[in-house]
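Q: Can you walk me through this one? I'd like to start with charges over rings.

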Amino acid sequence: MLGLPPLLRIGRKSFLDSARPQGSSCVAAGVLVVSRVSLFAVVLFAGCEPAAPPLPPRPVEVATSRSMIRSADGSRASVKQLLGEAEQAIVDENEAAAEFALKELLLQDPGHVRALFLMARLNGESDRLNEAIDLLAAIPSDDRMFGLAALGQRADYLRQIGQLNESIEVWREILQLDDSLDSVREFLVDDLYASGKRVEAGWELAEMVRRGVANEDHLRRLLNVTRWPKSREQIVEEQRKASEQPADSEEAVEASQPSTLGDAWDLIHEKRFRIAMQLLERIVDTDPSNEALSLLAMTQTDLQQYDLMHQTVSLGTEGIKRYPGYWIAIGDDWASQQKDDHAIAAYAQALWVEPTFELSHQRLIGALLRKGETELARKIDERRFALPGPIEAFVAVGPRQPEDIRAAKYLISDLQQLGQLEQACAWLRSVAPRHPEAFGDSEAVTRQCREMTSLPEEERRRVVLAGMELQDYPNPDMGIELSNRLSGSDAKQAFVPDGPPATPVLVNVAEQVGIEFAYHNLPDRVSRLMRLHESLGGGGAVLDYDLDGWIDFYFGQSSADPPEIMGTRPNALFRHVGNRFLDVTDFAGVDDRGYSICITAGDWNQDGFDDIVVGNLGVNRIFINQGDGSFVDRTESIGIDADTFTSSLALADVNSDTLVDLIEVNYADDPSIFDPLIVMPSGMAANYPGPNKFRSGLDVVWLANPDGTAKRIPLGSEVSEVNREAAETTGMSDRKSVPQIGDDANPGLGLAVTDFDGSTGLEFFITNDTRPNQYWRVKGPPESVQLSQVATTAGLATSCQGKTTACMGVTVADFDRNGMPDLVVTNWFDEWLCYYQQKSHGVFRDTAPLYGLDRFSDHHVGFGLQAIDYDNNGWVDLMIGNGHIDDFTHSGQAFRMRPQLLVNRGDHFIEADMPSSSELFWSTLQLTRTVIACDYNRDGRLDAVTTDLELPVAVIENRTEADPGFLQFQVVGTRAERSAIGTRIEILDSIPPLIAMVTAGTGYAGRPEPLVHFGLGNRVGKVDIRVTWPDGSTQRHNAVQPGARYLLIEKDSIVRLD
């Protein structure tokens, strides 16, 4: 049986009759094309002609075998007779007889259009779709009766067998013949999106809006063209599944293997650019469409493969310029040559051709910041943050939705502000009939739409681009010079380590050495549904507080429920005694019960003994070392009394007056951080906290006075005078309470202080969470020091993608061994590490993809990290602690994560495989926060300490069979402050250069051992060193024997410490 679907069963005779002109007048005959697989039913108009005569009597014998059908007189049946027999067989539901008759007919008349169509339908009903497609292709598209019907049926069969590119071409052919067929355009939209041609699907949806035929589901898709927002039903289903997920589920469910252009789009939205690039390379081999080529070009520039990008775009047609990926790639290329005017114009064009693509906004913001156009960057950033507004509003729009009116008003208003005027009008026309009392009658709606859409194109462009004037910028199109482009061939140094890396053996020995400390974010610890401060950890510091030559540890504790900040557990000080550590917290008097978030240490009063500074949610604390094993809280007498949300601290001499100052990085200044989370029936929060939901805290320098007090200097402008009383500032603009680009206050997390650029004076780098990073340069004599915020011009404000990423921890080392310190920054789940290479003094460039760092970090949430040469081969490696801020496994993101050791191979990094001797720590899923580098047992191999939201503190002992050559230096300033932050030490005659800096504040929420460590590989002979002190003066020490630790005293001798 042919078996039409019950939903579309119209009777066999009706099916045949519908394929004939009806009556004698010239009318458009409807051809109903039916497919039982897709339930496809679309009426296509096939022209008109005089009515055909009724079917004649059946003068033929029904074949009972495969013999030829003959007439009653025994002669061969005519075409007309065969057609009648076939049609009757269809009415009788005799598929075999109908097919046999049609085959006989086509032997006589191979081009018989009606027979071809009926035979194709029979093949389709029998799932012989390829044969059906071939038959339909033989029907001329201009046939008045069956041309359009054949095209429609062929397109449907093509989509059923997965040949979407072919079905798309057929749909387009139909629309060229008759562009009024809106149902055909809807099928075209579906096939375009299913094939991954999402930008092209957006063009067709926009055409439906212009034609006034778009419904609310069509309009929903236009809210984010490159990744359609989920429908209300899809959201409900996801929440249902999430509520059924086991509570102890740790890692995200693995997705299926990506294979299509749509998968490539999804990978790009998930920031998995390297996998997307590899997939797109395969796709364009077989389907070099402009959309695929534009995406491939964009991923190539994401990964800084600019020469490959030029090859890719050369394969496209002129139409490739209609795609945002093309313009992003061109903008990236201009940006790599530091031609930001051209880059701005290209990114703006990307935003104009597709206004809902977030990456265009991110790139444009970064370029505008580099150019110094902060106000425009702020406006584009506001537009970027407005993109989710319509998506959030539409979920509540619809018949019988209780918030239909209010949500629709927000939706329409947001779309107007975003410059999506036709869409705003279409939503108005759709919603108004349900609520004329709120939106007006049809005449009022028509008037509003006329006013709404009457803007000239130039003015409309200005609205979309948040006030930008494209004529103010050069033509961004191709013609780019290749000579100065950053690429894989010219961005990396030629030096690489000798031989393979050593097998790392890094073992947790905390229990064996007596370190027993576990962090609690509440009196009863929580790991899910955490408020902002509950997810950040408590920090820790390394210091030798008793000057016995062996390091001690101090760890921060929270264990309170703010705003009540009296904790139920103390911070902890562990003294190194013999081969173990003893808890001496009570005896030492450092039992602080505040809500600790970060710790640092240093010699505040310059008496030779390290003091402790605790960064709290509340009032920070300074404990002054008395030199007898005890500390005294001097916070009030120093003058620190402000309530803060401090996330990082460092002690360094900011104004070069030989007194140590305190740099305080603050995250938020907003009491709403204490509000409880709203938990939905699904078990998920409706208001997960984030940096852009709260008023940010203003960073501060506490400038030390000779009398032991401190003066508060807010870092409240691009240039701050630090030697006078600064005006108190709120840190916020008057526009909003949430942080914006250009505000003085930002949600800061990480901090690193040293002399980065080799000139006299310190710089300190602050990582900000989703806001541009800050890089403060200290210049001038002590009596007139200025701090200048120069992150944008230094190349440190954004990532290599121009994005203001969720930066967290930071570490410093000369990773590429070009003689200048670099920075590495940890980031959010779908953001890879930033590797800011210092290419020339004071100029940095994020080259993470060139060194493969995106491979290992794009699906981690990194917090603490340290630069550790674990095998002493002279190339500094990375140890990283990972773990999410809450449980988002329902959205495909891992929660607890493994720590990582990334091995520096000179021109790239690799992730170390840990042997079984190290496996327990490295295979454990964790919520690591602080990572602290040290050599706790003084064996010449760097160890580490980690803190965690759940697990006890880990002491990671380095037992690697490392190279024998190493040198360690403890530095003491005499003309500089005692820690001599900013001192540079260089191993002379080393090729490539081997340098290290005395730094403060590196990592996240902690302080590593104040030790300068060099791995020398197999070099065991004596070496010469040069020391450059913070004031620029130098000392040279010759014939220093490796394999030992030394004390370097400014303007004095070098002493071996045995």
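A: A charge sits over a ring if NZ of Lys or CZ of Arg is within 6 Å of the ring centre and within 35 degrees of the ring normal. Mind that this is a predicted model, where local features need pLDDT of at least 70 and side-chain atom pairs count only at pLDDT 80 or more, while totals for chains, interfaces and linings use all residues. Residues are numbered from 1 along each chain as its sequence is written, and side-chain values use heavy atoms, with hydrogens and water left out.

Q: OK, what sits over the ring of Trp875?
A: The charged end of Arg817, 5.0 Å from the ring centre.

Q: And what lies over the face of Phe385?
A: That's Arg384, at 4.6 Å from the ring centre.

Q: How many aromatic pairs does a search of the whole structure find?
A: It finds 27. Rings of Phe, Tyr and Trp (its six-membered ring) pair if their centres lie within 6.5 Å; planes under 30 degrees apart are stacked, over 60 edge-to-face, and the rest tilted.

Q: What about Phe645 and Tyr667, what kind of pair is that?
A: Tilted, because the planes are at 40°, with the ring centres 5.5 Å apart. The pair links distant parts of the chain, 22 residues apart: Phe645 is in strand β12 (residues 643-652) and Tyr667 in the loop between β13 (661-666) and β14 (700-704). Helices (H or I, at least four residues) and strands (E, at least two) are DSSP runs, numbered from the N terminus.

Q: Is Phe645 buried or exposed?
A: Phe645 is buried, with a relative accessible area of 1%, and Tyr667 is buried too, at 3%. Buried means under 20% relative accessible area, exposed over 50%, and partly exposed in between (1.4 Å probe, protein chains only).

Q: Then Phe756 and Tyr775, what kind of pair are they?
A: Edge-to-face: the centres are 5.9 Å apart and the planes at 65°. Phe756 lies in the loop between β17 (748-754) and β18 (763-768) and Tyr775 in strand β19 (residues 774-779), so the pair ties together parts 19 residues apart in sequence. Phe756 counts as buried at 1% relative accessibility, and Tyr775 does at 0%.

Q: Which residues form an aromatic cluster?
A: One cluster consists of Phe517, Phe553, Phe555, Phe574, Phe581 and Tyr936.

Q: Switching to the largest nonpolar core, which residues touch the most other members?
A: Ile139, Leu411 and Trp427, out of 77 residues. Helix α4 (residues 113-125) gives the largest share, 8 residues. A nonpolar core here is a set of buried Ala, Val, Leu, Ile, Met, Phe, Trp, Tyr and Cys residues joined through side-chain atoms within 4.5 Å.

Q: What does Ile139 touch?
A: Leaving out residues up to four places away in sequence, Ile139 touches Val113, Leu116, Phe117, Phe146, Gly147 and Ala150. Contact means heavy atoms within 4.5 Å. There's also a second, separate core of 76 residues, including Ile330, Val353, Val464 and Tyr473.

Q: Last topic: which strands does β33 join by bridges?
A: Strand β33 (residues 984-987) is joined to β34 (residues 994-997) by 4 bridges, antiparallel. β33 also has 4 bridges to β37 (residues 1023-1028), again antiparallel. Two strands pair if DSSP finds at least two bridges between them.

Q: Which residues are the bridge partners?
A: Among them, Ile987 partners Leu994 in β34, and Glu986 partners Arg1026 in β37.

Q: How many residues are between β33 and β34 in the hairpin?
A: There are 6, and Asp989 in the turn has a positive phi of about 60°.
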